[in-house]
Every structure is written in C-alpha cells, then in structure tokens.
Amino acid sequence: MVSKKIVVSNPSGLHARPASVLAKAAMKCDSDVVLAVGDKTLNPKSILNIMAAAIKKGTEIELRCDGKTEAEDLATLVALIESGLGE
Amino acid sequence: MKKINVAKTASRGIVAAPVYLYEEADLAPSEAVVSEQEKALEKEKFDKAKEEVLRELESLSAENEIFAAHLEIAGDFTLTENVYEKIDASMNAQKALHMAVEELAEIFAAMDDAYMRERAADIKDIGKRFMAALKGIRLPDLGSLNRGVIVVARDLYPSDTVKMNPEFVLGILTEEGGVTSHVSILAKNLDIPILVGIKGLLTELTDGVIVCMDADLGEVVIDPDEDEQNKYQEKKVAYEARRKHLIALRKTEPVTKSGRRISLCINAGSPEDIRKAMEVGADGVGLFRSELLYMEKDHFPTEEEQFAVYREAAKLMPKELTIRTLDIGGDKTLPYYTFEQEENPFLGWRAIRISLEMKDMFKEQLRAILRASYFGHIRIMFPMIISLEELQEARTLVEACKEELRQKEIPFDEKIEMGMMVETPASVILAEKFAKEADFFSIGTNDLTQYLLAVDRGNKKIAAMYDSFHPAVLAAIRHIIEAGHKEGIKVGMCGEMAGDPKAVPILLEMGLDEFSMSATGIDYVREIILEHP
C-alpha cells in the first residue's frame, strides 16, 4: 500500500463539481482507494461519499491506494487534487 | 362554498377553473420480510429499477441539467451497496430503498452548508423515481393535461414541473412552499397565478371541483355559488380590461403631465430576465444583480464567463445597463465559499467590503464589465458604500483595469459612469460630498429602511415597524435627491419602494429621475407617471 497526504485547495472544498471529478478519476483506478479525513475513511469512488464528508478548503486528507496499480493510481489522484480538480 | 385567505402573495391574476389534484402516487414501501432464498431476487428487482431510472434520467438530462446531477447520484454505487446491505438484512427491495434514501437525505439535511442541505431534496426526488420504478407505477404527469385547470398539490418539484404544459395550467395552489420556492419563481416567470403555503388545502378539495382564485388579493373560493361565480367573472373581465389598457400604454413614453420624462427601468439578475421583460417597454436595467451569476455557479465566475453574460445583457438593453458589483454577504451566501459565522451579518463583511479585500476577484469582475461596456451603455454601481475612501478606492481599481485593457488594446467605453447605491445612513448624511465623487446615485430602499430604523428586515416580530414610509426614510430620500441634483447627477431608486403604487407619486414629487423595479410592476408605475401633474 502507498499513501500520501494532501491539503484541499479548492475554494469551496470538495463540493459537487470537484467531488464529481474526483469520483470519476477514482473509479478508473484498479487499485482499492481509500480517502482518510480526520479519523474517518471513505471510498472516493462514490460522489455521495465525498459530498457527504463535507471536506472544506484547507483540510488535510490522506489518499491510500492498495493493489497492482497503486503507485500510478496514487500519483494520478494526487496530481488531480493538487491541480484543483478541474476548478 | 368556502373561502380561504392567503397572507403572502407574489403574483397576479384571476382564474376560475376546475381543480386538477396532483396527488402523489402511493410510494409507501412494502413491509414484507424476505427469506434467504428471495434475497437475490430482490436485488435483481432493484437492479432492474435502477436501469429504468438511469434510462429516464439520461433522456431528461439532455433537456435540463438538474437531471444530470440526479443521474450521477442515481448511478452511484454507495446507494446500490446500501440497498444491497439492507436486503441482506432481510428487507424487501422497496423497504431497503426507502431506508437507504432516508438515511442519505438525513446526512445532507444535517449539514451546515445551505447548498448541501438543499441536495437532500434532490436525493428524495431520486428516491421517488426509484420507488415508482420498483412498484411499476407511473408518477403523475402534468404533461398529459389537455384542458385548462388549476393544479393543486402539496408542493411541486423540478421533476414535476419540467414536463408541465403552461397552456393548460391556468393557476397553481400548493399546501407547502414559500413565495421564493422553485414553483413560485417558475409560475411568476410563466405568468401563471399562484398561491402557496395554504395549509390543509388538499383535504378540502376533490378532483374537478370549481375553484376561483385571486392571486393578487390572496383569495381562494372553493365550490363557489352562482353569485360568487358571477362576481369572479366580473372581476376577471375588469382585470383583463385593465391589463389590456396597461399593455396598450407600453408604447407611450413615461412623461408626467408637466412634461418631465421619467426613466422606467427593470431590475434583473440575468440576460434571461431581461429577455422576458423586453415586452414591458423599459428604458433599461436600473439594477443588474451580478451576484446571481456568482450564486448559481459552483466557483467564482471567471472574467470570460462574466464578460459573456454582461455583453449579452448590454446588447439586449442598449440604452442603459447598470451593473451592481458583487453584493454578497448579509442574507446572500455562495455555495462554494465559506463565510465565517457573524453576529450581525447585515452589519458585517458584505458587498463592497468583500470586493475591496478580495481585489483579484473584484478586478476580474471590473475587467469583464469594462470589456462588455464596448457593446452597449453600461454603468458601474458600487453597493454598501459608507466612506469616500471606499468609493475612491473602487474607482482607482476601475482605472487600473482600464489601463490593463488599454495595454492589451481591448476596447471599452472610456467614459463609463461609476455610481453608487445610497443605502447606508453614512452615505445619506454625506450625500453632498458623495455627489461630487459619484456619477449617479441609486437609492436602495430595502437596506436603507432597515439601517435607518434599526429594524431587521427578516425579523417577523417587528415586521410592522419595517416601514419605508417612515418620516425618517422619506426625509433621507428627499435629502439624497436634492444633494444629487445640486451636483447635477441623476438619482434613481432600485428598491421595492420604486414599484410601490403608493410611493410613486411621493417620489415623483421629490424629483426622482429613475424608477427601477421588477418587470411585473412597470405597467402599473407607468400609468401613475402618465397621470401625475
């Protein structure tokens, strides 16, 4: 398993649109992806899960990928979040 | 016969027509417990319903983007997994779906963000669609109407109204909802008389019974006797004759009997609003609420996005388009920006105070406005000004943006006017000084009244004290107009008061130059101006 911590920079946090972008990208990953925020963990392949977590700007989240493609999946998702998820 | 009176009204019109009860289909889930062997079958039932829902939403989302969001949620595996888990715990598919939807909706309803809370309604809407598919029933459909009716419902959601044929919906009555709910706004735009929030209405009515409604007075008469029906018929004829008369006046310029040409403008939030108002014969837009552009997006609108909207609006109203810069805070928030909790939001971080602090964001808006000014006659208006320094700083930022555009050789109106809302006590007291620095004034009576009288606009308990005819408010208005005219600048008004038939003669007497109001008020105000000495 590989993991990385990132701070969410979207002005409105992981709102409807960024949540949708993240869920779609996570869906394409073959490895198992877990998003940890505080002491909660969730599966970011679901837009509902992401939206329900109400992650605000400036929150530190941790992405964990586990599986054959874990390294590249983690890199893809981290880059996507760092680039602002299409915002 | 029974009469009901409704306190809050937000539309006009008189209708007498049979009732079409838009009853919700029976979507209560079955309570049956499933055995071990039946579980796979229940999951299959759910999968099938899901396929059907996704197909429906797919075709709906082509017409309306609300359903694109619904489609995404309906297809989400969290929902499916949640339903599966419940089926594994011996619930039938209907019960499992019901529970899963309720749980999800509850999570969203409990969030502290207003935008997210509203998503709970979307989730319930999707839940209804799933349940109808599971039960093999069709949801009632306003698209299948073929005669004129008054639609009566508990409430109407986007998925109810999307297929509605306005030709046959002569009026709408609902038990729930407020004057700013989805269906109220929709009905107003379609010019359908509507009354909302009528408790206990559904139990009073049966399908096909005749109902008379006066949306302006807030009166509903169920099963009227002959006398009452005749009375309504007369009222309807008189109302329509008056409407006809007012519509005929639209071609007449609003000039008082003494020959003063008054500018008659509309308030708008989008080019769509302007397009709908084209026929009322307005001189321009006296208040373009740019915040709506910010509120309906899920990010701060970019310069390009704003430019496209302002340009379109400027082309639609070439004589005048007064754009108020971002007026957010107070009771207006943004779905994508977290405002700190404030003790007194109306006295807090709002409007120009935000713009002058978030300068990059502000300059994007100013550049967009300047670029659009090339395509019509745009005026820039700053809200909530309390000091000369604020006005000067805002003007300096506009000059800086102008310089940037010159460098890039992008054309704009070099002589663009920069004015201000007069809506704070400070700006009233210093009106003479402001009149030297501003190119025009626009009086915002909604905030001015609450600030001058120290009466909260939204506090029901003191609602009767909120009075724009209070001598202090009237004296302030007179002072603002005189101060403006002394420096030779035009003074307008864009608050509710400008469209109030009782206020118009007083304001004309004081010398107000421009009246700006919602498009539905223009006809009535024009008539008053034409009859004014």
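**Two chains and the interface between them**

Chain A comes to 3 helices and 4 strands, where helices are DSSP runs of H or I with at least four residues and strands are runs of E with at least two, numbered from the N terminus. The model is a predicted one, so local features need pLDDT of at least 70 and side-chain atom pairs count only at pLDDT 80 or more, while totals for chains, interfaces and linings use all residues. Residues are numbered from 1 along each chain as its sequence is written, chains are lettered from A and ligands numbered from 1 in the order in which they are written, and side-chain values use heavy atoms, with hydrogens and water left out.

Read from the N terminus, the elements of chain A go β-α-β-β-α-β-α. Of its 87 residues, 51% count as buried, meaning under 20% relative accessible area with a 1.4 Å probe and protein chains only (exposed is over 50%, partly exposed in between). As for contacts (heavy atoms within 4.5 Å), residues 24 or more positions apart make up 71% of those in chain A with a separation of 6 or more.

Over in chain B, an open sheet of 7 strands with mixed pairing runs in the order β1-β7-β6-β2-β3-β4-β5; strands pair if DSSP finds at least two bridges between them. β1 (2-5) and β5 (194-195) of chain B sit at the edges with a single partner strand each, so one side of each has no neighbour in the sheet. Further in, β3 (149-153) and β4 (169-174) of chain B pair in the parallel sense over 5 bridges, and B:V152 has B:L173 in β4(B) as its bridge partner.

Then there is helix α1(B), residues 39-61, whose 23 residues reach 32 Å from first C-alpha to last, close to the expected 33 Å (1.5 Å times one less than the number of residues). Its buried residues include B:F46, B:V53 and B:L57.

Where the chains meet, 22 residues of chain B are in contact with 18 of chain A. The area buried between them is about 1700 Å², with 66% from carbon and sulfur atoms; this is the accessible area (1.4 Å probe) that the two parts lose on being put together, summed over both. B:E72, B:F77 and B:D298 supply 29% of what chain B buries against chain A, more than any other three residues. B:E72 also turns up in a salt bridge with A:K24, at 3.8 Å from N to O (the rule asks for a side-chain nitrogen of Lys or Arg within 4 Å of a carboxyl oxygen of Asp or Glu). Across this interface the rule finds 1 salt bridge.
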